[in-house]
Amino acid sequence: MKLKRILKSILKWTSLAILLALFVGIIALFIAYWKSTNDCDRHTAAPTNPMKAIIYCDYGLPNLKLEEVEKPVPNEDQILVKVRAASVNPYDWHFVEGTPKIMRLMGVGLRKPKDTRLGVDFAGTVETVGKNVTQFKPGDDVFGGKGGAFAEYVCRRAEGAVALKPANITFEQAASVNIAGITALQGLLDKGKVQQGQKVLINGASGGVGTFAVQIAKSYGAEVTGVCSTRNLDLVRSLGADHVIDYTKEDFAKSEQRYDVILDNVPNHSLSECRRILTPKGKYVMIGGGGPNEARWIGPFGRVIHTLLLSPFISQQMGMMMADANHKDLTVLADMMQSGKVKPVIDRTYKLSEVPQAIRYLEEGHARGKVVITLE
Ligand SMILES: NC(=O)c1ccc[n+]([C@@H]2O[C@H](COP(=O)([O-])OP(=O)(O)OC[C@H]3O[C@@H](n4cnc5c(N)ncnc54)[C@H](OP(=O)(O)O)[C@@H]3O)[C@@H](O)[C@H]2O)c1
């Protein structure tokens, strides 16, 4: 009887403690939500040295504005770049929409975006350099990645994700490289470990990442199959794909072919379907997390957890990769563009004031290559 009383009491107090912790957690989340703020709430004076940039004070495409903000000043390790072109990535609509919503909990901003600036990929001309910078000089044409690239100027650490632009490509082409080119390169080589003669399938071969991936895989000697829709078959073939699969007519997952590497930009097949067409030691590299209206709360994380749980029990390797923009890989891509092995594909260009339209177009999920913003 005494033991029963003790157990009852433990159960009662544990339940109360859990309820209290939940209550405190909810209150803390509520307070954090309402305290979530950004630069827009702090702005007072007009900029003394203005430049134009896209800013968004609240989540949602209608909240994007072209405004005058303070022109950045490089520190001793940075370069100041006059942006000539920038490119749009699904990354941008993730931040504009604040989806998947779990991102908001992970520091992007619960109620409002913490960082009010947008854009990552840029190409332009170095205007000034900090006193420790030896890699670049004023007048150099460069390309790379830096948050806030939808602007007239960016400051970026010279040792980071920036490289000299090859003379044979335009600023628009160079601006399209950073995220898409690096993702394709790292997905195929670092994760997929693609070797000469291997069979590589690229699902979503006509988009930003896919158009780079087809060319890169081909230049490393792979036998490439590109999955795209009817209207993009010729484009994907022209990039070097040995085989094309029209997803409107044929399901690649039902094929009898086996692939050494699958680079998946469009996660529209289950992991077991993808496994079925991998060789026993094949590698599945998950790149894409789906469109703006898919899995709005957790995005690709459910699928990522699935690959982690599955991995110890299978001979194939499956996992997501996250692009890591850096100088070394940008230089590899610059060399590939210089030698003509890779040529960025540009779908449309928009003006800086048209960034909302450009993002809207990309959100539809049918870009052919890259969508680029041009600046005067
Ligand atoms: N993990 C990372 O580090 C990383 C980095 C960059 C991008 N990403 C993700 O990777 C994905 C692709 O990025 P992206 O820049 O290439 O996007 P994107 O340019 O917007 O891709 C659009 C392309 O996807 C094609 N597509 C749509 N539905 C398809 C289907 N069912 N089968 C085959 N192709 C289809 C479209 O072709 P049609 O018009 O013919 O349908 C279009 O050409 C996105 O989800 C993005 O968020 C991840």
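By how much of a helical turn are Tyr-91 and Phe-95 separated in helix α3? Tyr-91 and Phe-95 are 4 residues apart in helix α3 (residues 90–97), so about one helical turn separates them. Helices here are DSSP runs of H or I with at least four residues, strands are runs of E with at least two, and both are numbered from the N terminus. An α-helix has 3.6 residues a turn, so residues three or four places apart point the same way.

The model is predicted: local features need pLDDT of at least 70, side-chain atom pairs count only at pLDDT 80 or more, and totals for chains, interfaces and linings use all residues. Residues are numbered from 1 along each chain as its sequence is written, and side-chain values use heavy atoms, with hydrogens and water left out.

A search of the whole structure gives 1 aromatic pair. The ring centres of Tyr-91 and Phe-95 lie 4.8 Å apart with the planes at 40 degrees, so this pair is tilted. Rings of Phe, Tyr and Trp (its six-membered ring) pair if their centres lie within 6.5 Å; planes under 30 degrees apart count as stacked, over 60 as edge-to-face and the rest as tilted. Tyr-91 is partly exposed, at 39% relative accessibility, and Phe-95 is also partly exposed, at 22%. Buried means under 20% relative accessible area, exposed means over 50%, and partly exposed lies in between (1.4 Å probe, protein chains only). Leaving aside residues up to four places away in sequence, Tyr-91 touches Val-120 and Ile-179, where contact means heavy atoms within 4.5 Å. Gly-119 is 28 residues from Tyr-91 along the chain, and their C-alpha atoms are 8.5 Å apart.

Ile-179 also belongs to the buried residues of helix α6. In this helix (residues 178–191), 11 of the 14 residues are buried, among them Asn-178, Thr-183 and Leu-188. Lys-193, which follows α6, has a positive phi near 50 degrees.

Two charged side chains lie over tyrosine rings. Lys-71 is placed over the face of Tyr-153, 4.1 Å from the ring centre, and the charged end of Arg-104 is over the ring of Tyr-59, 3.9 Å from its centre. A charge sits over a ring if NZ of Lys or CZ of Arg is within 6 Å of the ring centre and within 35 degrees of the ring normal.

The structure contains 1 disulfide, defined as a pair of cysteine sulfur atoms within 2.5 Å. It joins Cys-40 and Cys-57, with the sulfur atoms 2.0 Å apart. Cys-40 is in helix α2 (residues 39–42) and Cys-57 in the loop between β1 (50–56) and β2 (64–70), so the bond ties together parts 17 residues apart in sequence. The torsion about the S-S bond is about -85 degrees, so the disulfide is left-handed. Cys-57 is buried, at 12% relative accessibility. Cys-228 is buried as well, with a relative accessible area of 1%; its sulfur is 17 Å from the closest cysteine sulfur, in Cys-274, too far for a bond.

Of the 30 residues around the ligand, Ser-206, Ser-229, Tyr-247, Met-321 and Ala-367 come nearest; a residue is near if one of its heavy atoms lies within 4 Å. A side-chain N or O atom of Ser-206 is 2.7 Å from an oxygen atom of the ligand. Arg-231 has a polar side-chain atom 3.0 Å from a ligand oxygen atom, while a backbone N or O atom of Ile-287 is 3.2 Å from a ligand nitrogen atom.

How values were computed:
Polar contact = N/O pair within 3.5 Å; in protein donor to acceptor, adjacent residues only side chain to side chain.
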